[in-house]
Amino acid sequence: MTAGVYQITEPNERAYPYVGSATDVDVRWKRKYNKHLTSAFNKYGKENFKFEMLFEIEGFPTDTDENKKLLQELLLYVEQHYLDTMRPFEDEGRGYNISRIAGGGLKGMKRAPFSQETKNKMSVA
């Protein structure tokens, strides 16, 4: 199982990206995406899009709920960095991300800011 932050890029000269994160990227690639990216998949063919890892973690222990939460928070933290840097936002005409907040598409919920304890744990990971 590979966890990480990824980008999906359309196969044309615009090369608009979608940036996301997942605790299992192989499973995530097979799931549904937002309506704009799904529409582009239908137009260009999903198989023609480039799926690449921006940040990758292998072998992170997910044996406890605490570790699973830490992994997800780490991925959201890194994903937020890429969202802030790349700005792949649909409403700006620069990409397919609708939410400006990492994890914003998770059942419409916004994540809370990271606690100092979580930031310290992530710096060690």
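Predicted model: local features only at pLDDT ≥ 70, side-chain atom pairs only at ≥ 80, totals over all residues.

Modeller: A salt bridge is a side-chain nitrogen of Lys or Arg within 4 Å of a carboxyl oxygen of Asp or Glu. Side chains of opposite charge can pair when their charged atoms come close.

Biologist: How many salt bridges does the structure hold?

Modeller: There are four salt bridges. One of them joins Asp91 to Arg100, whose closest N and O atoms are 3.1 Å apart. Arg87, Asp91, Glu92 and Arg100 are linked in a network of salt bridges.

Biologist: Is Asp91 buried or exposed?

Modeller: Asp91 is exposed, because its relative accessible area is 56% and exposed means over 50%. Arg87 is partly exposed at 33%, Glu92 is partly exposed at 32%, and Arg100 is partly exposed at 34%.

Biologist: Which residue meets Arg14 in a salt bridge?

Modeller: The side chain of Glu10 does so, at 2.9 Å from N to O. Glu10 counts as buried, with 3% relative accessibility, whereas Arg14 counts as partly exposed at 42%.

Biologist: Turning to polar contacts, with which side chain does that of Gln7 make one?

Modeller: The partner is the side chain of Glu52, at 2.7 Å. Gln7 lies in strand β1, which spans residues 2-9, and Gln7 is buried because its relative accessibility is 12%, where buried means under 20%. Beyond its neighbours within four places in sequence, the residues in contact with Gln7 include Tyr18, Phe51, Leu54 and Met86.

Notes. Residues numbered from 1 in each chain as written. Heavy atoms only, no water. Helix = DSSP H or I, 4+ residues; strand = E, 2+ residues; numbered from the N terminus. Buried < 20%, exposed > 50% of the residue type's maximum accessible area, 1.4 Å probe, protein only. Polar contact = N/O pair within 3.5 Å; in protein donor to acceptor, adjacent residues only side chain to side chain. Contact = heavy atoms within 4.5 Å.
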